[in-house]
Structures are given as structure tokens and as C-alpha cells.
Amino acid sequence: MNNAIKDYLDGVFARIPQSKDSEELKEEMLLNMNEKYKDLIKDGMSENEAINTVIEGIGDTKEIEQYLKAENNITRVEGENLYRFNYNDFNNIDISLFSLNLNVTAYDGDEIIIELLSKTSNTPHSKITVEKLGKSLIIKEEKRLMMLIPFYTFSEYLEVKLPVKYQEDFKLKQFSGNTDFDGSFAFKKFNLYVTSGNLKAGCFESGLYDIDIKSGNIKMVSLNGTGKLDITSGSLRIDNVTGMMQTYISSGNLHLGEFNGSGSFKLTSGGIKLDEVKLNGDLDLKATSGTIKINKVRDAEFIFKGSCSSGTIKTNFDYMYDKSKKNTLGKVGANPVNVLSADVVSGSIKINV
């Protein structure tokens, strides 16, 4: 524990009337401020810079008093952060989170169970509203003090236990926080929008999916369906993908273990790596700056179109260059129908069958 941070926080809370809520808030802030301090040090920041950054993150300390006054005017009922619904009552789940992390667990049961939890306090300071609107279950986190957002994301989270029998629509919008889907899920439609955070998931099947992460990483066991993934800054790693996928990454890497399908993968800065591919349609790979690598194309019959402005193209099958010596055309198999295109402006292409 950093003594400078502790001393500063002691001084802040010395001016605030003592109560159970203030003690819990102080302990939680101290824990999370020290976690933030350690992360900044690991990132290469000096000790003084890290301390100043963490302290500046508190903002106006008068807001703490206002926040605690509002808390003291609320009568808390034991179990108010726990909700249960029958999954048959809904065809859409819509979750909007401001800074909470989200854990979704698939289980054998009939109830959708929603619970707001804290790792450091018996009474979470976050608040959620849960509404039933027709066949939609709407879950919202109430916005909190901006100065507390970095701290609470470490300790408070929303736990949702979802019956595996629920196979309707699921929508999640998250401002800042991580999402973990544990188990196997099947949705008609899946929509995810995250401003800053990571997605970790087990097995996903969705008739139509749309995943948009501005800053963060995606790691999944499997994804089956038709859809689009858009990452502004981050990486994508999925062990097994089946279906038609469109992926756009501005800055980061894409790595798929096994890909069975068609689509397009476009990266501005970063590399594309596919361990094993089986084409069920055309596949278009583009990297402005980076590499494209396919370790193996199974049941290979395809037309190959390659383009590399600055770099090399290597394959274990024959192809021909055009007059510019930058574009290639090849054929694998007797009667290929699908087209495999690989286009790199600056980098290399390597494909094996």
C-alpha cells in the first residue's frame, strides 16, 4: 500500500462525518487507488507521476460528501440488488452499463437471475434499475460520480445467470468495463457495443451478431453465425469460427484457430493469422500494414488473388505475377469456385494448402 495515497485519502475523509458508509467507501477507494497506482507503475510511469495521476482522478472532493449524503437518505432493503424472472417471459434482454463489469453464466434452470455484487463491500455503491417492458427485460446501471468510475470498476460487477434455454435476443451496451460470458450461448440476435473494455466468451451461436469495441480485446472459444466485428484498437482471438464474418480492426491483430466459412477481414495496422481454413464462399483478407498468414487451407479448391505493394508473397502452390510484379493470380484444384484474396500494402503474405 502506498503511504502517500493513504495519507491523502485520510485527509479527505477527515473532513467528512464518520459513518458506516463513509468507512466502506474509504476502504474501497483506497484499495482501488492502490490497484490503479500499481498498474501505472507497471506501465512505466514514475512513482510521483503515478501518485499524482491517481489523486487527480478523485476530482472535486466535495462530491464525496454530496454522494454520501444521498446514500444516507436511502433505506436499503436486504436483497434489493437481486432479481429473478422466468426466461419464458422475454424475447429480448437489453443491458446498459456505465462502469460495472459484467459476468454472464449459462446454467440449467428456468430463471434469469440478476445480482449486483461487490468484491470488497457487503453493500455495493452502484445502483441498477430492472424493468419489464412487454417482452423485453431492461437492465440499466445508474450513472455515478465521474471521479469514482476508475475505482469501482475493480470491485463491483453485475452477475447474470442465464438459462441455456433462453435463445432469443441479447443486447449489451457498456461504457467502461469488462464482459465475461461463461458457458455456451445461443441467441437469435446478439449486439454488443463497448467503449472501453474486453470481451471474454465461451461458445457463441447467433443467427446474427454485431460486436463493436472501441478499445479492448476479444477472446472467444467459438463463434457460429453471421455477423460483423468492429474493433478500433485491440485484438481478436477466436479458436473456432463457423459462418459468414466481416471484421474490421483499425489497430491490432486478428488470430483465428479454425475458420469454416466466408467473409472479409480488414486491418489498417496489424496482422491476420488463420491456423486452418475451409472455404464455404469467398474470403477477402486485407492489411494495410502487417502480415497475412494462413497455415493450412483444407479441402483446397480456390482461385487465389494476391497483392503486395511492398513485401513478399509465399505459397506452396503455383501462381503468376502480372506485369507490375505486385499482383498475382493462381488456382488450386481442378474446378475452383471460391476466391481467396489477400492484399497487403506493406508486409507479407504466406499461404499453405
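This is a predicted model: local features need pLDDT of at least 70, side-chain atom pairs count only at pLDDT 80 or more; totals for chains, interfaces and linings use all residues.

Mentor: Two packed helices are described by the angle between their axes and the distance between the axes. Take helix α2, residues 20-42, and helix α3, residues 47-56. Their axes come within 9 Å. They cross at roughly 140 degrees. On the α2 side, the contact is made by M33, K36, Y37, L40 and I41. On the α3 side, E47, A50, I51, T53 and V54 contribute. Seven of the residues in this α2–α3 contact are nonpolar, one is polar and two are charged.

Now the rings. A pair of aromatic rings is described by the distance of the centres and the angle of the planes. The structure holds 19 aromatic pairs. One of them joins F304 and F317. Their ring centres are 5.4 Å apart, and the planes stand at 80 degrees, so the pair is edge-to-face. F304 sits in strand β15, residues 302-315. F317 lies in the loop between β15 and β16, the latter spanning 319-321. The pair therefore ties together parts that are 13 residues apart in sequence. F304 has 0% relative accessibility and counts as buried. F317, at 10%, also counts as buried, because the cut-off is under 20%. Elsewhere, Y166, F170, F181, F185, F187, F190 and F204 form one aromatic cluster.

Note on methods. Residues are numbered from 1 along each chain as its sequence is written. Side-chain values use heavy atoms; hydrogens and water are left out. Rings of Phe, Tyr and Trp (its six-membered ring) pair if their centres lie within 6.5 Å; planes under 30 degrees apart count as stacked, over 60 as edge-to-face and the rest as tilted. Helices (H or I, at least four residues) and strands (E, at least two) are DSSP runs, numbered from the N terminus. Buried means under 20% relative accessible area, exposed over 50%, partly exposed in between (1.4 Å probe, protein chains only). Axes are lines fitted to C-alpha atoms, for helices over the stretch in contact, and angles run from 0 to 180 degrees between N-to-C directions. Contact means heavy atoms within 4.5 Å. Ala, Val, Leu, Ile, Met, Phe, Trp, Tyr, Cys and Pro count as nonpolar, Asp, Glu, Lys and Arg as charged, and the others, Gly among them, as polar.
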